[in-house]
Every structure is written in C-alpha cells, then in structure tokens.
Amino acid sequence: MSICEGDAGPPRAIPHIPPLLAFALRRAPMAPAAFCLSLMTRRMMGRHPGLMVRLGCYRHSRFALTASDVPLTFLLDLSRDPVAITLHASPPAADAHITGKLAALVGLVHGLWDGDALFFSRDLTIDGDTSAALALRNAIDDAELDLGAEAAEIAGPFRPSVRRLIGLVQNLTGVPLTRMGAAR
C-alpha cells in the first residue's frame, strides 16, 4: 500500500492489473498501440510546450517505463524526431528505467500518488540516470496531463465511445486513466 498525495482520506492501495487484462495487453498488437501512444504524446507535447523546456538537458533522453504487473515496457524516446513511444516485452536500453505497477505509473501522471513516496515504499524503482527520471516527473507534474482526455481527443468522431470505454476500464480496474479518476 502506498501513500496518496494530499491529506484527504486514508491511503489508497495501488491496484494490480487483473491477470486476464494483463494477458490481453501483452497479446495486443504492439505496432498500432505504439502508433496511437506516439500520436498522443506528440499531441500532448504540442499542447504543453513547457514539457520539453522543463526537461532541460534531458529533453533528448530515452525513458523505459515498465509496468511490472503486465509486464510491458513503454519506451519514451525523446531523441527521435518526431518523439515516439514503442512497446517492448522486455526493457530496451534507455537513459532511465522506471518500474512499477501500471496503475502507479499512470497515477503519477495524474498526480494521484507522490513519486517520492512510491520510490521510498519500493512501489516504484528507478535505474540509470535518476536525475533524468526526476526531470521527467517534474515536467509531467507541471503540465497536469490527462491521459484519458488525450486518448479520447485523438479518437475523433469516436470520442464519446472512447470516453465511455475509458470510464468503464477505470471503474473495473481501479487504474486512474483520467485526472478525474485520480480524484475519486
């Protein structure tokens, strides 16, 4: 169990991805998912130009984010132009490796859990350049991103259906897929 950020209510446990969903995520075609995640990331960076500024000297780094309960690694490659996210069954070479449950990684983006508390409780591990990982966390914190809203936006005319699907998955798994979900 980890400590929630803020003083409201008791600490919230980090949800574990249900085994069937983890299996489905591992078996899903990686190329279409990587394409959508890359598109979403480029869109977020365009909407939040301060992200790259805040990264400073780490703006060309590679970050491997491993969801330990899936297991699946998302490589955020800022050295590529355009920026890309690729998916890997095992962690590729990167400047910084950040590992934790998928819900913890997503919850960090939405400000649900404090990164320091997750690190010191060992719910999150960092290998490689910890300064780069800290710069990424600070840049994301400042931007106040909402991954669910961004995913719905790239869905175009399917936006309402994607929003409903995100809400359903969020309610079934406890993974905070939106900033509002983090506030529950």
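**Helix 7 and helix 8.** I started in this predicted model with helix 7 (residues 147-154) and helix 8 (residues 159-173), and I found that their axes come within 8 Å and cross at roughly 150 degrees. Angles over 145 degrees count as roughly antiparallel, and therefore I noted helix 7 and helix 8 as roughly antiparallel to each other. I also looked up the hand of the crossing of these two helices, which is right-handed.

I then asked myself which residues in helix 7 meet which residues in helix 8. On the side of helix 7 I listed Gly148, Ala151, Ala152 and Glu153, and on the side of helix 8 I listed Arg159, Val162, Arg163 and Ile166. Sorting the residues of this contact by kind, I got four nonpolar, one polar and three charged.

**The largest nonpolar core.** Next I turned to the largest nonpolar core, which has 40 residues, and I wrote down the ones that touch the most other members: Leu51, Phe63, Leu76, Leu78, Leu118, Leu136 and Leu145. Among the elements that give two or more residues to this core I noted helix 2 (30-47), helix 3 (50-55) and helix 6 (130-143), together with strand 1 (62-67) and strand 2 (72-77).

**Backbone entries.** Before going on, I reminded myself that most residues other than glycine have a negative phi, and that most peptide bonds are trans. With that in mind I looked at the peptide bond from Asp81 to Pro82, which is cis, with omega near 5 degrees, and I placed Pro82 in the loop between strand 2 and strand 3 (84-88).

Arg122 is not a glycine, yet I found for it a positive phi of about 65 degrees. Arg122 lies in the loop between helix 5 and strand 5 (124-128), and I marked it as exposed because its relative accessibility is 70%.

My last entry is Glu144, again a residue other than glycine with a positive phi, here near 50 degrees. I located Glu144 in the loop between helix 6 and helix 7, and with a relative accessible area of 54% I recorded Glu144 as exposed.

Note on methods: Residues numbered from 1 in each chain as written. Predicted model: local features only at pLDDT ≥ 70, side-chain atom pairs only at ≥ 80, totals over all residues. Heavy atoms only, no water. Axes fitted to C-alpha atoms, helices over the stretch in contact; angles between N-to-C directions. Helix = DSSP H or I, 4+ residues; strand = E, 2+ residues; numbered from the N terminus. Parallel < 35°, antiparallel > 145°, perpendicular 65-115°, else oblique. Left-handed = near helix turned anticlockwise from the far one by under 90°. Contact = heavy atoms within 4.5 Å. Nonpolar A, V, L, I, M, F, W, Y, C, P; charged D, E, K, R; others polar. Core = buried A, V, L, I, M, F, W, Y, C linked by side-chain atoms within 4.5 Å. Buried < 20%, exposed > 50% of the residue type's maximum accessible area, 1.4 Å probe, protein only.
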